[in-house]
Amino acid sequence: QILALQNALPPSTDVKMELKDANVYHIEVLQSPCSTLRQNQLKEKVIELLRAKKTAFGDFVLEEFQDPFIQQNIKYIALCDVELPGVEKKVIDLTTANLQIHVFQLHTDGAGTEELDEENMSAASHWILPASDFHGLWESLVYDDAIKIRLLNYATTTLMFSDKLVDSNIITWNKVVLLHGPPGTGKTSLCKALAQKLCIRFSDRYSHGQLVEINSHSLFSKWFSESGKLVMKMFQKIQELMEDPEALVCVLIDEVESLTAARKSSMNGVEPSDAIRVVNALLTQLDQIKRYPNVLILTTSNITGAIDLAFVDRADIKQFIGPPSVRAIYTIYLSCIKELMKCGVISPTHQLIDIRALEVTRFMENGATIQSLKLYNVASKSHGLSGRTLRKLPFLAHALYLQGSPVTLENYVEAMSMTVDRQF
Ligand code: ADP
């Protein structure tokens with residue numbers, strides 16, 4: 001069955017939808033690793049502090065506190081996801097706002113792997129969430145419209161409906177998210193960041209999260225004859241995780257098109273029918289785990305046009321992720337430059353302005369905008385490069401054209417410009 005992929009989410013101009021309940025604000029509170037206080041104790045303190053702050057203008061992060069109690073127990077307090085691309089920032093009245101506080105701590109264990117065989121080919125990686133590996137990932141991904149918020153809202157509703165045991169025969173919804181688009185556009189990262197974000201948002205409901213990333217390539221390699229059994233084994237483990245009602249389990253299947261490839265080749269008689277058995281085993285298992293209220297399935301595909309997959313047509317969150325626009329590229333570069341200034345690789349530091357401010361000045365050149373405009377020019381000619389290449393570009397610029405540190409901003413931007421030319 002060929003399913004033409006369409007953007008199933010509302011059009012990107014419909015940003016107001018995200019703001020419907022505009023007076024609810026999500027506050028993420030990272031608790032210090034050494035703090036053993038209960039969440040409720042911290043929540044009261046945080047609300048007190050934010051009410052005293054009175055107003056906010058867009059997203060913010062607080063890291064320094066005068067109150068020694070807060071200083072000891074909290075690493076930061078962040079108001080997140082209020083600023084939306086293309087929407088003007090607004091003043092938030094913190095004294096009356098409905099503040100939803102989400103307290104969390106990071107797990108620092110890193111990834112564990114589930115091995116398929118003696119040759120250590122890993123079938124899956126596994127993290128306990130929220131994980132320090134994914135800290136800051138959500139914020140680092142830049143898109144032109146409110147993709148991230150829309151995904152988060154959809155996934156939140158999905159989990160809420162499941163948790164409330166809404167009968168899916170009466171109201172249909174689905175637990176499969178599919179992100180598709182060209183390689184290097186941040187699909188896998190977005191899935192991981194979404195899983196992490198959901199664990200933080202649902203920290204009242206679930207004590208922790210589990211992220212299992214299934215490596216579909218390794219399942220369909222030369223181990224076809226054994227793979228069927230291995231898929232079952234892997235799902236048995238996932239099943240064990242799901243049986244803990246305190247855990248939110250996210251299963252990530254990267255590059256689902258490799259399942260399609262396995263089916264096709266088996267239909268063409270190239271591969272033995274074992275391949276199709278493996279795919280079917282996987283699909284059956286996915287159908288089964290979908291019934292659990294605490295499970296979400298995240299998938300990605302690099303195929304942009306059409307995809308042939310039995311379970312994907314049941315995904316109701318299908319989101320196309322394209323390469324970044326010049327606007328997004330500028331924001332990505334700006335974050336890279338800020339990091340290099342923070343670490344002293346670029347010195348002296350300069351105040352660069354963000355894209356909104358640049359647009360307000362209508363890109364007029366003056367003393368305050370000149371450096372930012374130079375960076376914007378590099379962003380303009382970088383259009384067409386993938387997000388992955390863009391994040392690597394400042395490194396390549398240094399390695400290829402600059403050596404040593406510190407480097408002036410002007411020289412660094414010039415080196416980036418030359419690196420972009422080289423990339424093309
Ligand atoms: P994909 O799964 O689409 O191939 P990845 O998730 O592997 O892409 O992306 C690789 C890296 O590229 C990410 O970790 C991120 O650093 C960078 N990247 C890609 N797209 C973006 C984006 N839109 N904004 C910021 N960084 C991005």
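Let's start where two helices touch: Ile329, Ile332, Cys336 and Leu340 in H10 meet Gly387, Leu390, Arg391 and Pro394 in H13. Here two residues are in contact if their C-beta atoms, placed from the backbone, lie within 7 Å. By class, this contact of H10 with H13 has six nonpolar, one polar and one charged residues. In that count, Ala, Val, Leu, Ile, Met, Phe, Trp, Tyr, Cys and Pro are nonpolar, Asp, Glu, Lys and Arg are charged, and the others, Gly among them, are polar.

A quick word on the model. It is a predicted one, where local features need pLDDT of at least 70 and side-chain atom pairs count only at pLDDT 80 or more, while totals for chains, interfaces and linings use all residues. Residues are numbered from 1 along each chain as its sequence is written. Helices (H or I, at least four residues) and strands (E, at least two) are DSSP runs, numbered from the N terminus.

**The helix pair**

Two packed helices are described by the angle between their axes and the distance between the axes. How do H10 and H13 pack? Helix H10 (residues 326-342) and helix H13 (residues 387-401) have their axes 9 Å apart, at an angle of about 30°. That makes H10 roughly parallel to H13. Angles under 35 degrees count as roughly parallel, over 145 as roughly antiparallel, 65 to 115 as roughly perpendicular and the rest as oblique. Axes are lines fitted to C-alpha atoms, for helices over the stretch in contact, and angles run from 0 to 180 degrees between N-to-C directions.

**Around the ligand**

Which residues come nearest to the ligand? Of the 18 residues around the ligand, those are Gly186, Thr188, Ser189, Gly387 and Arg388. A residue is near a molecule if its C-beta atom, placed from the backbone, lies within 6 Å of it. Helix H5 (187-201), H10 and H13 are the elements that give two or more residues to this shell. The shell divides into seven nonpolar, eight polar and three charged residues.

**The sheet**

Now for the strands. Four of them form an open sheet with mixed pairing, in the order E4-E5-E2-E7. Strand E4 (60-62) and E7 are the edge strands, each pairing on one side only. On average, neighbouring strands of this sheet are turned by 20° against each other, direction ignored. Two strands pair if DSSP finds at least two bridges between them.

Strand E2 (residues 24-31) runs parallel to strand E7 (residues 98-104), and seven bridges join them. Tyr25 stands opposite Leu99 in E7, and His26 has Gln100 in E7 as its bridge partner. With strand E5 (residues 74-79), E2 pairs in the antiparallel sense over five bridges, and there Leu30 stands opposite Tyr76. Helix H1 (residues 39-53) lies across E2, E5 and E7, running at about 135° to E7.

| Residues joined | Omega |
|---|---|
| Ser347 and Pro348 | about 0° |
| Ser405 and Pro406 | about 0° |

Pro348 sits in the loop between H10 and helix H11 (355-360), and Pro406 in the loop between H13 and helix H14 (409-423). Glu255 has a phi near 50°, a positive value in a residue other than glycine. Where is Glu255 placed? In the loop between strand E12 (247-253) and helix H8 (257-267).
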